[in-house]
Amino acid sequence: MTTEESAGRQRQNVIYRDGVFGRRPKVPTDFESLERAAKKKMSAAAWAYVHGGAGSGRTVQANRDAFDRWQIVPRVLRDVSKRDLGVELFGKRLPSPLLLAPVGAAELAGPGADVAIASAAAELGVPYIFSNQGSAPMEESAAAMGDSPRWFQLYWSTEDDLVDSLLERAENMGADAVVVTLDTTMLGWRPEDLNLGSLPFAQGKGIAQYTSDPVFMRIVRERIAAALPKPDTEVTLGAVRALISMTSRFPGRFLDNLRSPEPRAAVETFLDIYSRPSLGWADLESVRERTSLPVLLKGVLHPDDARRAVDIGMNGIVVSNHGGRQVDGGVSSLDALNDIAPAVKGAVPIVLDSGIRGGADVFKALALGADAVTLGRPHLYGLALAGGEGVRDVTANVIAEFDLTMGLSGLASVAEITRDALRRA
Ligand code: FNR
């Protein structure tokens, strides 16, 4: 985005012009109001799943506190009339250093979920990282994006055949990169969900990449043939609701599905095989033979792990603590970035994930060595409030604020954002 009429000014103009006609923005332009408004729209289970963190929520808080420990020191009287927010990642020029983070079971936040998010991302040219636990098959989300960039996020299943199948599908649907998420080999302890006894996947939400996969469905049918899993005979209202939820999400006709053991077996199979807690470096080394796509490791927080990732030929690092959803009392992703950047800077691109809420956060992450950042919960809140338009506007707002922050700090391009622009608070 290099324009006289910059991303920031454009967005302000749209909002202020609408204001003249008495129209307010569909999504609040600051994170706190956005979150508050989204909470009102979302069901208790959806709010718990999206908002919730691990344990007491200290890592979620740490992600924010870390940003507050750095302050931007603007410089004046520099020509910032023309600014360039663009970056290059894996051979593609992107309009800004922002990507949309992979979020599973996004249908909780709003109908159409993945496809609506994908179209919104495509409108802005922002890459969307499709979750392995998406609510739509990756091919459907890709079809909504035209030539716009998308990546695929992989959870490494206990079944290598399934991993290969997902990677092949990612290549075929035009992914520019694969992000292997390493921090969720088990689900973290999440009291907000636990207190409601609510897990979206158990209702058949967020397993569309699996039920659309030929290898996964082969495994499901083999398990049914072997009389696995054993049916649970207790019939409660909740169990009936869950059955309807699973059945209605399963590919094919609802009435046929209702008579079939497959929807329920698919959920059980997913829960059994989606992730491999024994995953080790050797598995990751094998990824090179499994795909020709660039591979990034997500969930790296220690410089030694980052160095090792580079040593075994990984193409990028996503510094992330999964939005504080996995380990309570964990290091913030920004502090981890501060340690990791000197270890691998320049060797491979570094993406900072977890805690990005506005343009100033993007700026600080880049100053501390990130090449790009991902936007997570905020875009889901946009979805909850105004569907695809909400996702688009939340994302455009963050890019606009980043543009203005950069320009008002006296910098005209992303490459000029260095540590010199910050001081410790
Ligand atoms: C996630 N995240 C995630 N990550 C991933 O690799 N695969 C996934 O399927 C999901 N699913 C998911 C669902 C929901 C509801 C949330 C909020 C998050 C983590 C996500 O990619 C990202 O790391 C965090 O959202 C970053 O934290 P913040 O910035 O959103 O707080």
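The model on screen is a predicted one.

**Stop 1: H2 and H19.** Select residues 31–41 for H2 and residues 377–408 for H19. Their axes cross at roughly 105° and come within 8 Å. To see the contact, show side chains for Phe31, Leu34, Glu35, Ala37, Ala38 and Lys41 on H2, then Pro378, Tyr381, Gly382, Ala384, Leu385 and Val394 on H19. This contact consists of 9 nonpolar, 1 polar and 2 charged residues.

**Stop 2: the ligand.** Then look at individual atom pairs. A side-chain N or O atom of Arg357 lies 2.6 Å from an oxygen atom of the ligand. At Gly355, a polar backbone atom is 2.8 Å from a ligand oxygen atom. His322 places a polar side-chain atom 3.3 Å from a ligand nitrogen atom. On its own the ligand has 590 Å² of accessible area, and the protein covers 99% of that.

**Stop 3: H10 and H13.** Finish with residues 214–225, helix H10, and residues 262–273, helix H13. The two axes come within 9 Å and cross at roughly 110°, so H10 and H13 are roughly perpendicular to each other. On the H10 side, select Phe216, Met217, Ile219, Val220, Arg221, Arg223 and Ile224. On the H13 side, the contact residues include Ala265, Ala266, Phe270 and Ile273, along with Glu262, Glu268 and Asp272. By class, the contact has 9 nonpolar, 1 polar and 5 charged residues.

Terms used: Residues are numbered from 1 along each chain as its sequence is written. This is a predicted model: local features need pLDDT of at least 70, side-chain atom pairs count only at pLDDT 80 or more; totals for chains, interfaces and linings use all residues. Side-chain values use heavy atoms; hydrogens and water are left out. Axes are lines fitted to C-alpha atoms, for helices over the stretch in contact, and angles run from 0 to 180 degrees between N-to-C directions. Helices (H or I, at least four residues) and strands (E, at least two) are DSSP runs, numbered from the N terminus. Angles under 35 degrees count as roughly parallel, over 145 as roughly antiparallel, 65 to 115 as roughly perpendicular and the rest as oblique. Contact means heavy atoms within 4.5 Å. Ala, Val, Leu, Ile, Met, Phe, Trp, Tyr, Cys and Pro count as nonpolar, Asp, Glu, Lys and Arg as charged, and the others, Gly among them, as polar. A polar contact is a pair of N or O atoms within 3.5 Å; within protein, one must be able to donate a hydrogen and the other to accept it, and residues adjacent in sequence count only if both atoms are side-chain atoms. Accessible areas come from the Shrake-Rupley method with a 1.4 Å probe; for residues, only the protein chains shown count as cover.
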